[in-house]
Each structure stands twice: as structure tokens, then as C-alpha cells.
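Morning, everyone. I'll talk about aromatic rings and a surface patch.

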Amino acid sequence: MLQSFADTVWLVPLYSLAGMVLSLIWSPGITRKTGPRPAGYLNILLTFFSFVHALLATVAIANQPPQYLHWTWLDVAGLHFDIPVEISILTTTALMLITGLNLMAQVFAIGYMEMDWGWARFYALLALFEGGMAALVLLDSLFFNYVVLEILTLATYLLIGLWFNQPLVVTGARDAFLTKRVGDLVLLMGVLGIYPLAGSWNYDDLAAWAATAQVNPTLITLICLALIAGPMGKCAQFPLHLWLDEAMEGPIPASILRNAIVVATGAWVLVKLTPVLTLSPVALTALLVIGSVTALGGTLIAIAQVDIKRALSYLVSAYMGWVFIAVGLKEPGLAFVFILTYGVAMALLMMSIGAIIWNSITQDLRLLGGLWSRRPISGISFLVGSAGLLALPPLAGFLPQAELLDTAFARLPWVGVVLLLVNTFAAFSLGRTFCLIWGGEVKPMTARSPEVFWPMILPMTVDLGLVLHLPILMWRFDWVIWTHPSLTTAVALTVTALLGWGAAAWVYLGKAIPKPVQFPLPSVQDLLAYDFYTPKLYRATVVGAVDMISRITAWFDRTFVDGTGNAFGVVTLLGGDRLKYSTTGQSQAYILTILMGVAILVIAICWPLLA
């Protein structure tokens, strides 16, 4: 019985896509009669079916080898492409994560977007995201993964721009789309470049080819760097990280899904490409550098943010940097487990701060405070989510981070130092956010801020229990090979996390430092608050170069392209104007002119022979 769910798990993306299509029924004309809510309830029901199907498939396929299905997509002129689907404990677990977190985000949206009339459009886009991500993990092909990533890029633009009557929302959606498109275009070069070498886009074939490949080092390095560019954009890694900050203009339920698992779509492709990337030491070094810079810079920037959502968005980029470091150290298994533990913890954090924003009206941390007695469930959820994100035992996030830290110190000690610093700064940033919201004195914006009602509390508490029980589930489904990290690593991670959190409590709850807290050097505070001036750097370099090239191109078009065409037109007009006065209307004159022209043409053609 259960085996049938595993054999048909490829139907899971179709559930959500059906919900997306059916949501179109609630057009504005029908919405006036029924309201937009039926579209939301329908999508929640279909997502629940998707989650149950994925859960039963995971139970059925546990301890079984992967299964592969193939459907012919193109077979013409000796060119054969098929649609490969992988059914394994890895893919079904990813499906459970996608559908489960989307179900929580959809239920959360019932409360958060209670008075919003864009329900049909919003839930349709969430369904598109769910279907796209489910297809991404099932498809065992780099080419089809690229196609899905393009669809998700478009969906990102539409979902961020849900409230399109606000200028900042439109700007954020546009910038997010363009930034991700940069990575997608470079990724396409790598996708097209790898096929002539490997003869296939299927991940299994690519891994088998990479095991024995003998290729030009320069060529494979360029291809691997191109393959990295796409995940850089999706995972908001430096320098393609600014889109995630802009994306915070969208609604909180969408941010729950985006910050927890949408950003991990690029990481999934990166993990699957690990065998190919190991062919280039330069590419592995690039992964370590990009991940380290983003992780360290992201945590530092998060410390100086005053907007709640942006303080967490930079931590998203930082923790995706951990994935880049894991792949750079050739540990794809640890990267996958980290994605799993990160997703459930970040979703819990986003729901807890979303509940605060909903009835506190403001996202400014400086205007909040004293909510522990009024909002205990949200506060406990934030604490558990923070512990799950940080490497605190015995929660699930501790295991992959401890093993990765052991690997880093054994191979590249400087990477281990970076990971410990990131853990410290991330703990300080999360502690700072907690103290500013739930600690301190009650402020005018929080004087009347009761706990939110059940549609928002229910998914939050369910996710809280999931974070606490995830180690048991990981053991039950064999999601990780249990090892024993060194005692030194365990102590180092625990101490850095507690040190960062304790320092934040001392700074923001103690009375030794005047409030509001200011950095000793204002220049350092501005440097972090304004994202190391990356937007200005963009305008001075990339945007400036594009603007200059555009101006030069426009001048060339006006002067030479349009000028040449206009010159011919002017000469023709002037010539016709002059010739009209030589027209007599006598046929013998026309015939004489034609004969003279023919004679000149014949003499010109025959002149070499006459000479």
C-alpha cells in the first residue's frame, strides 16, 4: 500500500499546480460575489494532500535504494533527451520540507492577510513556488533544474510585487528579478558548456563522468565558475545578495517560505553538482571565499539593522554561506542536512517576528520592547528558533555544523575560524533582536500588543515542536550518518553561541551602556548599517558602466545608424526634387536616357576585354 505512494510521488508537484490553476477561477468578477477566501482554502487543502503523500512516500522508501523514472521529452535526428525523476529518501525528505513549510506559511497567511483582497493571486503564487520547488528536487537533470529556476525567478518577481501600488514594492520586485537574472544568464553558459564534455545533463551521469574525466583545467574552471553563478544569485551570496533585502517589501507569509526554502533552491543545485565542481580547485576555492565573505559580512550587517525583517534577511544570506563552505569542502551530505535544519528554524523565526509586526504596526526595532509578558508564545518560538539555527546541542542544527567545523579545522583552519566568528556574530544578532523586542521597558507601540489569534499561533507552535523533535526524526528516517564530533568542536560552538547571546543581553538589557546603543565609531556603524556601501559600489561600478555603455550606444545609434539611414533619405529627397525640373514628358527623351545608361553599363562591363 505505502509503496504505491512512493511510486507515484512524482504527482506531488501536480497537486499544487492544480491549486494554482483553480485559483484563477476567483477572478475579480467572482471575487465580488464569494470573496477571495475559497482560493486560499483550496490551496491549503491541496498542499495538505501533497504533504501527506510525501510523508507516506518517505516512510515507504526508507532504507531502500533510489529509484529512477524516465519519460522521453525529445527524440529527433539522433538527439535524445528524457525527463529523469529520482525517487529516494533524499528527494522525498525535501518534498516533506517544501510542502510542510508551505502549509505552515499558508495557514499563517489566513491570519496575517485576513483583510487582503489579493488572496487568490497570493495563494496561486505560493502554489507555483511549491510546485516548482517540488519539481526541482524530483528532476534529476541540470537542464530541467535550470528551467525550473527560471520559473521561480519569475514567481519571485510576482510574489514580491504583490502589493504593486507601493513604489518600494515595485522597486524591490524589479531589483530582485534583475539581480537573479544575472546569475541565471551566467548559469545558462555553464549548462550549455558542460553538455559537450559530459554528453548528458543528468546528475548521475555527470557524477559518473566527473569520476574519470580528463579535461582542460582552464575550460572546466570556467564552466564550474559559471555553474556557481546561478546558486550565488538564488542563495543571495555576495555580490548578488541585495535582492533578498529588497524582497522584504513583500508580505510576511511569502517571506517565511522564501527565507526558509526558496533561497535553498540554488543550494540544492549546488549540492547536486558537487562531483563536477571538485574537478576545479579554483571553483572550490571560490566557493569557500564567497561563502566566508557572505557569512561573515551578513552577520555583521545584521547587527546594525533596525528593521526586523532585514535583520533576519542578512542572516539568511550568512547561513546560505555555510552551504557554500560545505560544498567547497566537498561535504554535500552535510550541506543537505544543514539545509533541512536551517529551513525549519528560519521558518519559526520568521513566523515569530511576523506575529509581532502584525499587531504592533511597526517593523522598527527601536520602537519595540517589553513584550515578554504580553507575547510569551512568540517569544518562546523566537528563542527555540534561534537555538535551532545556532549550533546548540542537542538540537538538530548542532550536528551538521559541528561536523563541518571539524572538517574545516582538519583541512583549512582559517575556514574553521570564520565559522566560529559567524556563529558568535549570528548569536549576538539574534540576541539583540530578542532583547529589543521582548526585553526592556514597554514602549508606546507595544503598550497594546496581545498575542495573535489561532491561524498564526497554530503553525508557529507546530514548527516549534518540529524544531525540538527534529533530531528524533532525523534518526528515524536515517537522514544523516550519526558521527561523534570532537569535544573541542562541540564546546567551541556552544561557547561561541552562548557568548554572542550573553553579550547581546549585557549590551541591550544592562544599564552599563546608554540607550539607544551606538557603536563607538559612527563610521563603523554606518558601514554596517548601509551594507558596506554595496549599493553605492553598484552604482559606481556596474550601474555606472551600464549607464555609460548605454549612452555611448545611444549616441552611436543616433549618429551613425540613424544618421546613415537619414542621410540616404535626404539625398533621395534632394535628388528627386532636382530631377523633377528636368522631366519633359516626352517619350523619346526617356528612351534616349535609358539607351545611354545601357551603353555606359555595357562599356563598363566589357572594358577589360576591349583593353
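First, how elements are named: helices (H or I, at least four residues) and strands (E, at least two) are DSSP runs, numbered from the N terminus. This is a predicted model: local features need pLDDT of at least 70, side-chain atom pairs count only at pLDDT 80 or more, and totals for chains, interfaces and linings use all residues. Residues are numbered from 1 along each chain as its sequence is written, and side-chain values use heavy atoms, without hydrogens and water.

Now the patch. Trp358, Phe453, Trp454, Leu458 and Val462 form a nonpolar patch on the surface. Together they have about 480 Å² of accessible area (Shrake-Rupley method, 1.4 Å probe; for residues, only the protein chains shown count as cover). Patch residues have over 30% relative accessible area and no salt bridge, and nonpolar side chains (Val, Leu, Ile, Met, Phe, Trp, Tyr) are joined within 5 Å. A salt bridge means a side-chain nitrogen of Lys or Arg within 4 Å of a carboxyl oxygen of Asp or Glu.

Which helix gives the largest share of the patch? H21, with three residues. Val462 lies in that helix.

On to the rings. Rings of Phe, Tyr and Trp (its six-membered ring) pair if their centres lie within 6.5 Å; planes under 30 degrees apart count as stacked, over 60 as edge-to-face and the rest as tilted. The structure holds 22 aromatic pairs. In Phe108 and Tyr112, the centres are 6.2 Å apart and the planes at 25°, so this pair is stacked. Both residues lie in helix H5 (residues 89-112), four residues apart.

Key. Patch = residues over 30% accessible without salt bridge, like charges linked within 9 Å, V, L, I, M, F, W, Y side chains within 5 Å.
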